[in-house]
There are 2 protein chains.
Amino acid sequence: MALIVQKYGGTSMGTTERIKNVARRIAKWKAQGHDVVVAVSAMSGETNRLIALAREIQDYPDPRELDVIISTGEQVTIGLLAMALKEIGVDAKSYTGWQVKVATDSSFNKARIQSIDEAALRADLAEGRVVIVAGFQGVDEANNITTLGRGGSDTSAVALAAALKADECQIYTDVDGVYTTDPRVVPEARRLKTITFEEMIEMASLGSKVLQIRSVEFAGKYKVRLRVLSSFEEEGEGTLITFEEDENMEKAVVAGIAFDRNEARINVKGVPDRPGIAYQILGPIADANIEVDMIIQNVGDQGTTDFSFTVPRGEANRALTILREMQTHVGAAKIESDDKIAKISIVGVGMRSHTGIASTMFRTLAEEGINIQMISTSEIKVSVLIDEKYLELAVRVLHKAFGLDQAV
Amino acid sequence: MALIVQKYGGTSMGTTERIKNVARRIAKWKAQGHDVVVAVSAMSGETNRLIALAREIQDYPDPRELDVIISTGEQVTIGLLAMALKEIGVDAKSYTGWQVKVATDSSFNKARIQSIDEAALRADLAEGRVVIVAGFQGVDEANNITTLGRGGSDTSAVALAAALKADECQIYTDVDGVYTTDPRVVPEARRLKTITFEEMIEMASLGSKVLQIRSVEFAGKYKVRLRVLSSFEEEGEGTLITFEEDENMEKAVVAGIAFDRNEARINVKGVPDRPGIAYQILGPIADANIEVDMIIQNVGDQGTTDFSFTVPRGEANRALTILREMQTHVGAAKIESDDKIAKISIVGVGMRSHTGIASTMFRTLAEEGINIQMISTSEIKVSVLIDEKYLELAVRVLHKAFGLDQAV
């Protein structure tokens with residue numbers, strides 16, 4: 001007898017047949033005596049269809065009105081799932097964000113949840129109903145509809161679990177858990193039974209797109225027991241995201257290897273080595289809302305310095321345009337970009353207490369003749385930038401070097 | 001400087017291009033200094049698409065959840081229209097039913113509007129905004145989403161006009177007004193400049209599907225000045241639905257000719273002529289939710305009577321099955337049905353003060369050798385049932401006989 005919050009994504013809700021499968025899965029949990037609250041996404045492709053409609057009207061859709069439109073995707077799936085449950089004899093009731101209500105701030109398209117009124121949901125649970133809540137959406141103080149941004153349904157689920165003090169929040173997705181790395185690149189990749197909250201954040205932000213990172217942060221903040229599971233497999237316990245250090249004692253030092261092919265490197269060469277130069281270069285980039293990831297500054301010759309950073313590949317040209325406009329003003333000798341690069345990161349909380357992890361990484365890559373272009377480290381990860389063509393090779397050799405293909 | 005409520009149907013909102021056209025039309029009214037409130041339908045086909053989705057899950061979709069789903073169609077179009085207005089520099093804001101709020105009873109799928117809170121809308125109008133409200137939807141006391149049934153957006157518009165005490169409620173549709181009869185049958189059919197509220201109700205219920213009948217009743221109750229216009233023509237003043245008798249003084253006696261090919265006649269012959277027989281026959285039909293239109297009972301031979309009535313054509317077989325099950329019990333000699341029939345009605349408030357209208361109708365049909373199977377009359381209409389194959393001929397000759405092809 002537990003209170004479980006489950007989240008089903010767009011792929012799981014992609015057709016009415018799949019929605020019926022989700023209903024059967026929920027019914028099993030219910031039959032075991034659990035209380036179940038479900039957060040759902042829109043049918044896969046639906047949010048994109050709605051955004052495309054909006055863009056036929058406005059190149060940059062009005063943010064408030066866009067949320068009115070795109071929040072309908074989840075409103076359809078909550079109704080369909082409630083029907084599917086009733087059809088197999090399980091009482092259920094759907095809730096939109098405002099019906100719950102899920103209170104957010106007023107940042108349309110990327111709102112943040114402020115509070116959830118769980119009273120009505122508890123009353124339904126007490127009467128034996130499955131409660132189905134539209135993910136991705138909320139309502140601000142002035143009763144405007146808001147949405148939480150891409151992947152926001154994960155956050156909805158975790159926030160519901162936090163508000164209801166649920167025993168577990170289960171994120172059903174099209175993979176059966178978090179892997180040591182992408183199995184499409186390394187067939188020996190293993191599913192992790194557990195991963196720490198911090199590792200998960202690093203893995204997620206580095207391209208293992210299993211969970212929206214904000215939902216993991218939310219789970220960490222409110223100590224929500226979070227599990228990633230496959231919605232297409234009947235069995236399997238997925239990957240549990242843990243918060244207690246104890247549970248990690250026996251884990252390998254490196255938990256997994258993440259990678260990202262979606263960045264471009266920009267070099268600003270031969271700028272005067274004077275205070276404030278980093279801000280002079282990166283300030284306008286930030287003002288243009290371009291996200292900067294790795295940043296490196298090297299000492300160059302004769303009082304100049306070389307400055308490199310990475311940006312999302314799709315933003316590289318825009319960043320170059322901004323930089324070239326101020327090239328003379330900054331006094332840069334040369335500005336160039338390279339989008340044939342990839343970032344690889346090894347992640348593990350064990351790095352805190354183990355030395356030599358980084359050097360093992362560098363040696364392993366050197367042995368394969370792979371040049372490292374940039375390095376960035378944090379307490380629990382080491383990221384390197386390499387030529388994109390070596391990506392698969394690098395991930396494979398690192399996966400082996402850190403023993404990730406061995407059962408723990 | 002007037003306050004206008006406009007309603008645009010699914011065809012007018014059918015594509016983003018058409019929505020842009022609607023925005024331009026609204027902008028013109030706004031530019032003339034008017035305050036404009038708009039009620040919109042879903043894009044044509046969208047409500048049917050959503051119902052089909054629901055039926056993939058349940059043959060008889062749960063009524064509450066169906067309303068959650070189908071109300072999304074209008075939520076998309078309010079957002080798109082608000083964007084289209086902003087795109088051409090007209091400030092606008094969208095409202096769902098619950099945001100307004102449009103309070104209804106809890107009869108899902110066919111809810112009735114109880115009240116409209118117009119305070120927020122007035123505030124927007126005062127700030128120069130166009131207010132766009134989702135038609136067809138409301139919210140009940142327990143915050144459940146409700147819908148008003150097919151054509152409910154017309155009712156939404158009229159209810160908004162009543163709540164706001166608007167100067168006029170304009171229903172934009174794919175025809176440019178109410179005609180003396182269907183121009184596809186009689187090319188000489190004329191658009192009526194005015195039609196009385198009562199005539200409109202008779203015309204609408206008889207098959208001139210220009211306006212949802214409930215919206216006309218609503219307009220009558222709250223004395224809303226209602227006008228039907230084409231959303232595809234720039235000019236034209238459509239048809240005004242009037243309530244004052246004065247305005248009708250110069251009108252023709254017969255306002256128009258409506259017809260309906262969608263009924264079937266059922267005859268129950270040779271039943272005992274005793275009290276309660278009509279209820280015995282029609283009670284079970286009503287219990288099965290089959291709508292009965294015309295009813296006639298004739299005295300037959302030897303203490304028996306013949307009983308005839310019409311039902312929607314699609315329900316004829318179901319009605320026959322019900323009747324045959326109780327044929328012995330009722331003591332009917334014969335039960336038969338005919339779906340090759342059509343109903344023609346002449347409608348006009350002038351009939352109240354003019355005699356001989358019905359006999360002109362009967363004589364005109366007799367002159368063409370058209371047999372009348374059933375007759376039913378009210379204060380302002382005469383309906384006859386004839387063989388379907390004579391429908392076009394009958395409408396043409398009646399249209400001429402009552403001078404409807406002459407300009408008033």
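Visitor: How do the residues lining the largest cavity divide into nonpolar, polar and charged?
Guide: A cavity is a set of points on a 1 Å grid over the protein atoms alone where a 1.4 Å probe fits but cannot get out, and lining residues have an atom within 4 Å of a point. Ala, Val, Leu, Ile, Met, Phe, Trp, Tyr, Cys and Pro count as nonpolar, Asp, Glu, Lys and Arg as charged, and the others, Gly among them, as polar. On that basis the lining has three nonpolar, seven polar and no charged residues.

Visitor: What kind of model is this?
Guide: Residues are numbered from 1 along each chain as its sequence is written, and chains are lettered from A and ligands numbered from 1 in the order in which they are written. Side-chain values use heavy atoms, without hydrogens and water; local features need pLDDT of at least 70, side-chain atom pairs count only at pLDDT 80 or more, and totals for chains, interfaces and linings use all residues, since this is a predicted model.

Visitor: Which elements of chain A each supply at least two residues of the lining of the largest cavity?
Guide: The lining includes G97(A), W98(A), Q137(A) and G138(A), and also Q75(B) and W98(B) from chain B. Helices (H or I, at least four residues) and strands (E, at least two) are DSSP runs, numbered from the N terminus. In chain A, the elements are α5 (97-100) and β7 (137-139).

Visitor: How much area do chain B and chain A bury between them?
Guide: The contact (heavy atoms within 4.5 Å) takes 41 residues from chain B and 41 residues from chain A. Buried area is the accessible area, with a 1.4 Å probe, that two parts lose on being put together, summed over both. Carbon and sulfur atoms carry 62% of a total of about 3,500 Å².

Visitor: Which residues of chain B lose the most area to chain A?
Guide: Together they account for 22% of what the chain B side buries. They are I57(B), M83(B) and W98(B).

Visitor: Which element gives the most to the side of chain B that touches chain A?
Guide: Elements supplying at least two residues each include α1 (16-31), α2 (46-57) and α4 (72-87). With eleven residues, the one that gives the most is α4(B).

Definitions and conventions
On a 1 Å grid over the protein atoms alone, a cavity is a set of points where a 1.4 Å probe fits but cannot get out, and a pocket is an open set with protein on both sides within 12 Å along at least five of seven lines; lining residues have an atom within 4 Å of a point.
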